[in-house]
Amino acid sequence: MSVAEKERIQFIDLAKGICIILVVSLHIVPSIDEKLVFLPYLRMPLYYCLSGLFYKDYGSFKNFTLKKVNNILIPFVAWYVIGYAIYYLGRAVAPADHESLYHFDDIFVRSSFFNIPIWFLLSLFWSNILFTGINAISKKWVPQLLMIVAMAGIGLLMSHYEVFNFLYFGVTLSCMPFFFMGYMLKRSALLYPSSSKKKDFFIMMGCLILGMVFALYPETSNRLVYFSNRFEGHFSIFYITAICLVIGLLLLTKFINHIPFVSYLGRYSIIVLITHSLLKSIYQPFLSRIVKLDIDPSYLEVVLLILILASMLIVIPFCKKYLPYITAQKQIFEKKIPGKLCPR
């Protein structure tokens, strides 16, 4: 049985939990990347890798598309609309003197929009569709790798020539190597429970040390601004660093296996992803009013981060019970199971 085929895999939930906490931390405490410079190499590459790790074709392209529409596209559309409903409601309750920062058509004309974290859902949808096309052309890893490299090259060219990252397709191309890495890890023995712990430890330490060296001691900053698909520095060092750190972290979580609250957030990471920015837009004005004005803004950000993460203990059960169809907990469109005979 492969890693992706078990009903629940504790260390994968832990990895997803760490990943989503890092995502929330960036959006609530933006300065975190300046203090922990390795995070930009780890956060989104890990998310793409985990998505590739659980890739399945579901028997046919139709079934596959229905599954991804249910689990990715519907939550994206729903929370895009909900996000702007909250935004316009907020402006109606507390009108601002300046011109509106956001408009409902932002998704088509600019890289940023209200409730920006959900851009990843759209990118994840494209990455699944693209890899299904690759898998249909060839199931051998060498031709697949060549096609992945070609896609990443197109993403890099789009970045270099500042081609607009329309519907986040450009960044999807740039990040396809991380998706493919997850797919290949599923086919390898590295993440299996039966793999050698001693070997895993040395691979983990080697990857983490190499990744940290590349992240901490470069002459120039090497990073990808994901939602705009803008590369800075040397893209080759960026990919090498990200791959090392992701593999190292996955093996580290395999050793740890489970941290209750973190693993819980990982199991429902999509709910955390789609709601945390909206909670920020609600909590931040109230915190700003009740907290003394002379307090260091960084302390206020930390309080806000803790409050939002703690709120997930209420938000996740609420969404599971009352909003399951727009949080990927239940399916709107049922898929047909090929090869199953109907009872006579």
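Visitor: What makes R43 and D33 a salt bridge?

Guide: Their closest N and O atoms are 2.6 Å apart. A salt bridge is a side-chain nitrogen of Lys or Arg within 4 Å of a carboxyl oxygen of Asp or Glu, so the pair counts. R43 lies in helix α3 (residues 39-53) and D33 in helix α2 (residues 32-35), so the pair ties together parts that are 10 residues apart in sequence. Helices here are DSSP runs (H or I, at least four residues), numbered from the N terminus. By the way, this is a predicted model, where local features need pLDDT of at least 70, side-chain atom pairs count only at pLDDT 80 or more, and totals for chains, interfaces and linings use all residues. Residues are numbered from 1 along each chain as its sequence is written, and side-chain values use heavy atoms, leaving out hydrogens and water.

Visitor: What makes R110 partly exposed?

Guide: Its relative accessibility is 29%, so it falls in the in-between class. Its salt-bridge partner is D106, with the closest N and O atoms 3.7 Å apart. D106 comes to 2%, so that one is buried.

Visitor: How do you know that E162 is exposed?

Guide: Its relative accessible area is 71%, so the exposed label applies. E162 sits in the loop between α7 (141-160) and α8 (169-187), and its phi is near 55°, a positive value in a residue other than glycine.

Definitions and conventions:
Helix = DSSP H or I, 4+ residues; strand = E, 2+ residues; numbered from the N terminus. Buried < 20%, exposed > 50% of the residue type's maximum accessible area, 1.4 Å probe, protein only.
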